[in-house]
Amino acid sequence: MPSKILIVGACGQIGSELTLALRDIHGEDAVIASDIKSSTSPELASGPFEILDATDYDNFKTVVLTHDIDTVYMMAAMLSGTAEKFPEKGWDLNMTSLFNVLNLGKEKLVNKIFWPSSIAVFGPTTPKVDTPQQTIMEPTTVYGISKQAGERWCAYYYKRYGVDVRSIRYPGLISYKTPPGGGTTDYAIEIFHEALKSSSYTSFLSQETTLPMMYMDDAINATISIMDAPTESIKIRSSYNLAGVSFTPEELYAEVKKHIPDFEMNYESDFRQDIADSWPNSIDDSEAASDWGWKKDFDLEMIVKEMLVGVKSMKEVN
């Protein structure tokens, strides 16, 4: 029988686009989307959908067995900004959902798992420029702590139980297809909506805050690529560094202004500034490139052009 894929957190920023990409490759019936609430997205309605609480092991196991799932993409998580408001809930969701999918792998109920990590695993003591794959990791946020702990558990389950779990440390992700999900880099999505709506935007990060960012198409391609790679090519079982393009809010503003000359940007830093200040400015992802062939396609200029066209088209549809 052909393998079946389960996307957990399919209604989220990454999960929704990943679901559609995988359905294009494997067919609509081979990819089961799931989330804790029913989907109103007509796109996700193109194939099977299940209500699934990722923190409920019995619920999780039932869905896996019902659909004869071979591969799980565990995309459910509480992101950095939201988790700082609800620390215990953030920890519980992020860790319990991971343990549930790892234990399904341990029990040989699924064969392959993807679990996303983040640049949030790094902290203020981490080298900020070209942050290496292996380095000091002292995260200062609930999200970062949960991701760092998760990386160690992934490596442990691979070594101790042979669970084929694969992971990427995502930078900030930019997409026009889904709304931001409560992360520290959300300004890089909001700016496009406000530029087209009112020609002005107030950034919650300061103008000189440099962060690694990535266009969603690159992130989806990387996610699928690491899962398609031969087992022997995956040499890191904690999580791989992944880089796109680093820029500041001011640099993004300047690029947007080339297309919308009357666009104005203001700055009022909030609690997310401290989070951003603890993260790297740029990432060394050479090991992902050498091990499984990762390379980005989008630079800042291309991202801005794609986002402006995409956001405008979405507004016209709605």
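**Salt bridges in a predicted model**

Asp 297 is partly exposed, at 40% relative accessibility, where buried denotes under 20% relative accessible area, exposed over 50% and partly exposed in between, using a 1.4 Å probe and protein chains only. The model is predicted, so local features need pLDDT of at least 70 and side-chain atom pairs count only at pLDDT 80 or more, whereas totals for chains, interfaces and linings use all residues. Residues are numbered from 1 along each chain as its sequence is written, and side-chain values use heavy atoms, with hydrogens and water left out.

The partner of Asp 297 is Lys 295, with 3.5 Å from N to O in their salt bridge, a term that requires a side-chain nitrogen of Lys or Arg within 4 Å of a carboxyl oxygen of Asp or Glu. Lys 295 itself is exposed, with a relative accessibility of 60%.

The structure holds 9 salt bridges, and among them is the one between Asp 164 and Arg 237, whose closest N and O atoms are 2.6 Å apart. Because Asp 164 lies in the loop between α5 (142–161) and β7 (165–166), and Arg 237 in the loop between α7 (216–228) and β12 (240–241), this pair ties together parts that are 73 residues apart in sequence; helices (H or I, at least four residues) and strands (E, at least two) are DSSP runs numbered from the N terminus. Asp 164 is buried at 13% relative accessible area, and Arg 237 is buried at 7% relative accessibility.

A further salt bridge joins the side chains of Asp 270 and Arg 272 at 2.6 Å, N to O; here Asp 270 is partly exposed at 28% relative accessibility, while Arg 272 is buried at 17%.
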